[in-house]
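Trainee: Hi! Could you walk me through this one? I'd like to start with a single helix.

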Amino acid sequence: MIRNYLKIAWRNLLKNKQFSAINIGGLAIGMSVAMLIGFWLLDELTYDRYHKNYDRVARIMQKQTSNGEIYTGEALPMPLGEELKTHYGDNFKYLAMASWQGDHILSKENDHQKKNGIYIDKDGPKILSLEMVKGSLSGLNDPRSILLSSSAAKAFFSGRDPMGQVLKIDNSHEVKVTGVFKDLPYNTEFRDLEFIAPWDLYVTTEPWLKNAKTQWGNNSFQAFVQINDHTDFATVNKHILHSKLNRVPDEDKKYNSEIFLFPMKDWHLHSNWKNGVQTGGLIEYVRMFAVIGAFVLLLACINFMNLSTARSEKRAKEVGIRKTVGSARGQLVSQFLCESLLVAFMAFFLAFFLTWLLLPWFNSVAHKQMSIPWSNVGFWLGCLAFTLITGVLAGSYPALFLSSFEPVKVLKGTFKAGKLAGLPRKALVVTQFTVSVALIIGTVIVYQQIQHTKNRPVGYDRNGLVMIAMSTPEFYGKYDLLRTELKQKGAITEMAESSSPLTAVWSNSGGFEWEGKDPNLDTDFATFWVTHDYGKTVGFEMAEGRDFSRDFPTYSSAILINEAAIDFMNLKNPVGKTIRWGDSPNLTIIGIVKNMIASSPFKPVKQAVYFLNYENVNWITLRLNPRKSAKESLAIVEDVFKRIVPSAPFDYKFTDEEYAAKFAQEERVGTLATFFAGLAILISCLGLFGLASFVAEQRTKEIGIRKIVGASILNLWQLLSKDFVLLVLIACAIAIPLAWYYLNNWLQGYEYRIRIQWWVFALSVAGAVLVTLVTVSFQAIKAALANPVKSLRTE
């Protein structure tokens, strides 16, 4: 019986090639979109699950109240680690204090390479459940040890055994390789990790950490834990809530510090906090794309339903005869479902091919490393289930509709589908274009938000700026030498050093006092240490006063503040006024810098203070000579740096590229939304084209009569197009309020955002109507130009 069903299904496909091509092509596109989004969703939802104890690992975080607002962050004071181990140790299987993960220079004799690493307590590798290739998870017990990733070990030692080999970190600390761990997968928080060094080495060798063990206000570190098997996160959180508050000095208790565990399962998708409350994160995009994938697949299924039911009158006699000779309705349903399943399987093979072709591009746009798991049996079973569900979803309504015809009416020739029979098809077309128009509006709004933020004044000139990390001690004390030689060779126009890269804030400080300050105001300033010529190098603008200058030797007590600081401090005529910071002597404000965007371009600029200092610096910023090509200038810079600072590999970053990277997530969303919106429109148009073709065919005789009695081609075009345009306008009326509601809520997540303009909706409606007219017009004009004699010769 099934064989017979498939044979009939195959014949019907061949008999109606145009409709078959539209059905298979539309379903294939929809299934391909669903598969691509499915790969992305799986990658996002399994993030960090590489770690075996994923469900019991957490990052320690804290909430602090300042100026009536609760701030949540992962930066912690060093003594908290020992406090938790000593007084709350029963809650933890492992607890590890750690530095921030970042780039360092590893050296083997004259071989210097930049590698990403972290200093962490000896139990850190156990928390991360690293897969050891050589050595063991206890490899950090020796304070002069190091664990390398497989790729890092290969980069230094090729085919040689790395165990016991000696390396240098940042040209300062000699360490011995005690283990090699397998490279971590791309979908984990620690994917860039290339080496792990002992926390004890970090604490005992970094000069600035000398007093950190007793400083409860120095939030410069992070910590990870694995809780014991007999407890849970909620219970541990109750125990450790006030572990910091109980130890801080009385003057700091006003911040009401609360310590809690942030589970690893939430790191990637639920990382946003507002006023102490978890407010989502990437999970919003996961939900959004899941809905988009489901809707695009639904659009393809709607095409199948529409075209199948539109051809109902052509299948009516077949149904009537089959029922007359004894076919039960269930058998007819099975036959029509077999047809839809055959179409679904043919569409799946085409969709799989499309997915295979698009996956490299999709990986590039989505910033992923996904691949098709060819050898995974579960994957193929999932594909089979996916295809069966799609086939049943697409074919269920047509099967039930077609199998419901009454044989007596059909065979007497009195069967007519009637006007009401077209209502479900119209509703489905409205659904299709509601989704498509909403996606178009969403794409435009996302693009506008990105461009709005990109066009925001940054406060300095990004073009031609290059940043270089001062990664080894050899950089220090060579500022004048580097600057003089680079300027003499014409590679740069200016150079300066700073404590943070130009596109980030590495230090925030409180404790500032000034005349007229509200005693209840908690101070929190972004703090930058810079050298002379920093303003000239980056091109910032002075709103008032003057920049640091070598012509004024007493600048150790001089500071610059930005415009945001004036507003925060509520100062009038700030130039010349003094402020106090801790035990430092009075600091004199000599100038006001116009606001510069150093952190998120989507948020207001934070109040900032700039100090003149040649010691607390970590970055070199160069302004390349615009009269030379960047390639020529960088070649000179590289030659000078390799000669003067030979221990560091020449590694630089363009400031404009680093700033552009801040928009990466939004641009990925925008690109993917545009891609999926385009495919949704394509699928909808395919269905509309097929439906218009059928309507034109169904009304052939009517068109012939109208032409004979004098109807023009324009009249006939309007006749065949108006119904479809009306359906699209109804879809727009539904899509606009839905899109506005969702996108307005999305924009609330950005403090610096656009206002949704009316013309976006008008443009989207006009575009949808235009696409509809172009799609329908081909069939409408073709029918209007047909010779009426041919359509009426049998009458």
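Trainee: Which residues are buried in helix α5 (residues 150-157)?

Mentor: In the predicted model you see here, Ala 152, Ala 153, Phe 156 and Phe 157 are buried in α5. Buried means under 20% relative accessible area, exposed means over 50%, and partly exposed is in between (1.4 Å probe, protein chains only). Helices (H or I, at least four residues) and strands (E, at least two) are DSSP runs, numbered from the N terminus.

Trainee: And where do they sit around the axis of α5?

Mentor: They cover an arc of only 105° around the axis, so they are on the same side of α5. The arc is that of the directions from the helix axis to the C-beta atoms. An α-helix has 3.6 residues a turn, so residues three or four places apart point the same way.

Trainee: What covers the buried residues of α5?

Mentor: The cover includes strands β5 (102-108), β6 (111-120), β8 (145-149), β9 (166-169) and β10 (173-181). Contact here means heavy atoms within 4.5 Å. Just after α5, Ser 158 takes a positive phi of about 45°.

Trainee: Before I go on, what are the ground rules for the numbers?

Mentor: Residues are numbered from 1 along each chain as its sequence is written, and side-chain values use heavy atoms, with hydrogens and water left out. This is a predicted model, so local features need pLDDT of at least 70 and side-chain atom pairs count only at pLDDT 80 or more, while totals for chains, interfaces and linings use all residues.

Trainee: Got it. Which residues are buried in helix α7 (residues 233-240)?

Mentor: Those are Phe 233, Val 236, Asn 237 and Ile 240. They cover an arc of only 105° around the axis, which puts them on the same side of α7. Among what covers them are β1, α3 (79-87), β4 (92-98), β12 (219-227) and β13 (258-263).

Trainee: What happens at the start of α7?

Mentor: There, a side-chain oxygen of Asp 232 comes to within 3.1 Å of the backbone nitrogen of Ala 234. A polar contact is a pair of N or O atoms within 3.5 Å; within protein, one must be able to donate a hydrogen and the other to accept it, and residues adjacent in sequence count only if both atoms are side-chain atoms.

Trainee: New topic: is Arg 59 buried or exposed?

Mentor: Arg 59 counts as buried, because its relative accessibility is 5%. You'll find Arg 59 in strand β1 (residues 57-66). Its side chain makes a polar contact of 3.5 Å with the side chain of Glu 189. Leaving aside neighbours within four places in sequence, the contacts of Arg 59 include Glu 74, Gln 222, Phe 260 and Trp 267.

Trainee: What about Gln 449, buried or exposed?

Mentor: Gln 449 is buried, with a relative accessible area of 0%. Gln 449 lies in helix α14 (residues 423-454), and its side chain reaches the backbone oxygen of Tyr 752 at 3.0 Å. Not counting residues up to four places away in sequence, Gln 449 also touches others, including Phe 602, Trp 746 and Arg 753.

Trainee: Now a helix pair. How do α15 and α18 cross?

Mentor: The axes of α15 (residues 479-488) and α18 (residues 630-644) come within 10 Å and cross at roughly 145°. Axes are lines fitted to C-alpha atoms, for helices over the stretch in contact, and angles run from 0 to 180 degrees between N-to-C directions.

Trainee: Which residues meet there?

Mentor: From α15, Leu 481, Leu 482, Glu 485 and Leu 486 meet Ile 636, Val 637, Val 640, Phe 641, Arg 643 and Ile 644 in α18. By class, that contact has 8 nonpolar, no polar and 2 charged residues. Ala, Val, Leu, Ile, Met, Phe, Trp, Tyr, Cys and Pro count as nonpolar, Asp, Glu, Lys and Arg as charged, and the others, Gly among them, as polar.

Trainee: Last one: how far apart are Leu 354 and Ser 32?

Mentor: Leu 354 and Ser 32 are 322 residues apart in sequence and 6.4 Å apart in space, C-alpha to C-alpha. Leu 354 is in helix α11 (residues 329-366) and counts as partly exposed at 26% relative accessibility.
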